[in-house]
Amino acid sequence: MSGCAARRCLAAALGRARGLSRWEPLPAPARGLRAIGPTGAAALPLLLLLPPRRHLSSRNRPEGKVLETVGVFEALKQHGKYETGQLFLHSVFGYRGIVLFPWQARLYDRDVAPPVTEKSENATGHGSKEVKGKTHTYYQVLIDARDCPHISQRSQTEAVTFLANHDDSRALYAIPGLDYVSHEDILPYSSTDQVPIQHELFERFLMYDQTKVPPFVARDTLCAWQEKNHPWLELSDVHRETTENIRVTVIPFYMGMREAQNSHVYWWRYCIRLENLDSEVVQLRERHWRIFSLSGTLETVRGRGVVGREPVLSKEQPAFQYSSHVSLQASSGHMWGTFRFERPDGSSFDVRIPPFSLESNKDEKTPPSGLHW
């Protein structure tokens, strides 16, 4: 990535994360660049507006905030994956985070047509369009708690939800500040701070080791937690489709089964990201879901917005992400639907939600343990 390109990524990410109208660069002497890594990427300082350690002010900055360097950007990985302990800035939502471990997922991109001569691995779902799954790297990460209040493009602080270990089949609990990010979402950086991320699980999962690169390594507790909760954390399938420059990405997760009133109830969580790939401002107004269960039922769900919000997607804030849940009285099913968006002139259009399967782990023996290790 060239210096100019990296600056643009940095400016966009920081602006979206903190509602800034522009990126404030360092004074000229501090803006010198040097080439690092095999890609010739430029080492750029990572600058954030943070609460001051002392009472400082500036006419050009928000009251009570100062511009501080928190790290140095590193070269993007064009090949291979990021390691446990890699610090990063999210390229879309602008928060600071750290990689816990990677997931190898199958990405079903309905915008990419497979060659007609090839046999494709199909994504089960509504419609006849053949979609080939492609291996893609995602990461389980921790979000810096200091950045959560600034992530206005999320419906809530991202969390991983689990079924509670008691008789209430609808009871859920969450571990806040856990997220899944795609390889291209990561803008890697390094820091000399031994505790660069504020999260209650940071020091429980990771420890500082200056002899390693990156210098944060997994504790035994992280390895045990990953192994114990693998069935409930695993990211296996990602579904993506674009309609009129609005891209919808869906990631479903199986959460487990509970017994209720002499029947089995199967639970899934699904995460949806909406991205406006155009410069025209649009607003999500309605959702329309179709939910099919292996038991033979077909449910239709309509409503205003999503999770109580009607997000606006603009050039400055082009993405919105949220998570929700669905339960079936069958071990599998699938979902599809549309989102209705409105343009500034009052006209509306429907955006397809790519169909995705709801599959259970039929060999499950133990309930999710969440934070128990």
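A contact means heavy atoms within 4.5 Å. The exercises below concern a predicted model, in which local features need pLDDT of at least 70, side-chain atom pairs count only at pLDDT 80 or more, and totals for chains, interfaces and linings use all residues. Residues are numbered from 1 along each chain as its sequence is written, and side-chain values use heavy atoms, with hydrogens and water left out.

**Exercise 1. Name the residues that Leu100 touches, leaving out those up to four places away in sequence.**

Solution. Step one: with such neighbours excluded, Leu100 is in contact with Thr84, Gln140, Val141, Leu142, Leu178, Phe205, Leu206 and Leu222. A nonpolar core is a set of buried Ala, Val, Leu, Ile, Met, Phe, Trp, Tyr and Cys residues joined through side-chain atoms within 4.5 Å; buried means under 20% relative accessible area, exposed over 50%, and partly exposed in between (1.4 Å probe, protein chains only). The largest nonpolar core has 34 residues, of which Ile98, Leu100, Trp225 and Leu235 touch the most other members. Step three: identify the main contributor. Strand 6 (residues 96-109) gives the most to this core, namely six residues. Helices (H or I, at least four residues) and strands (E, at least two) are DSSP runs, numbered from the N terminus. Step four: consider the domains, whose bounds come from an automatic or database domain assignment. At least three residues of this core come from each of domain 1 (71-111 + 134-235) and domain 2 (243-372). A second, separate core holds 28 residues, including Tyr270, Ile291, Phe320 and Phe349.

**Exercise 2. Determine how strand 6 pairs with strand 5, strand 7 and strand 14.**

Solution. Step one: apply the criterion that two strands pair if DSSP finds at least two bridges between them. Step two: take strand 5 (residues 87-90), which pairs with strand 6 in the antiparallel sense over three bridges. Leu87 stands opposite Ile98 of strand 6. Five residues lie between the strands of this hairpin, where Gly94 has a positive phi near 75°. Step three: strand 7 (residues 133-143) runs antiparallel to strand 6, with eleven bridges joining the two. Here Val99 has Val141 in strand 7 as its bridge partner. Step four: strand 14 runs parallel to strand 6 and is joined to it by four bridges; Tyr108 has His239 in strand 14 as its bridge partner. Strand 6 is largely enclosed by the rest of the structure, because eleven of its 14 residues are buried.

**Exercise 3. State how many helices and strands the chain has, and what percentage of its residues is buried.**

Solution. Step one: the chain has three helices and 22 strands. Step two: buried residues account for 50% of the 373 residues.
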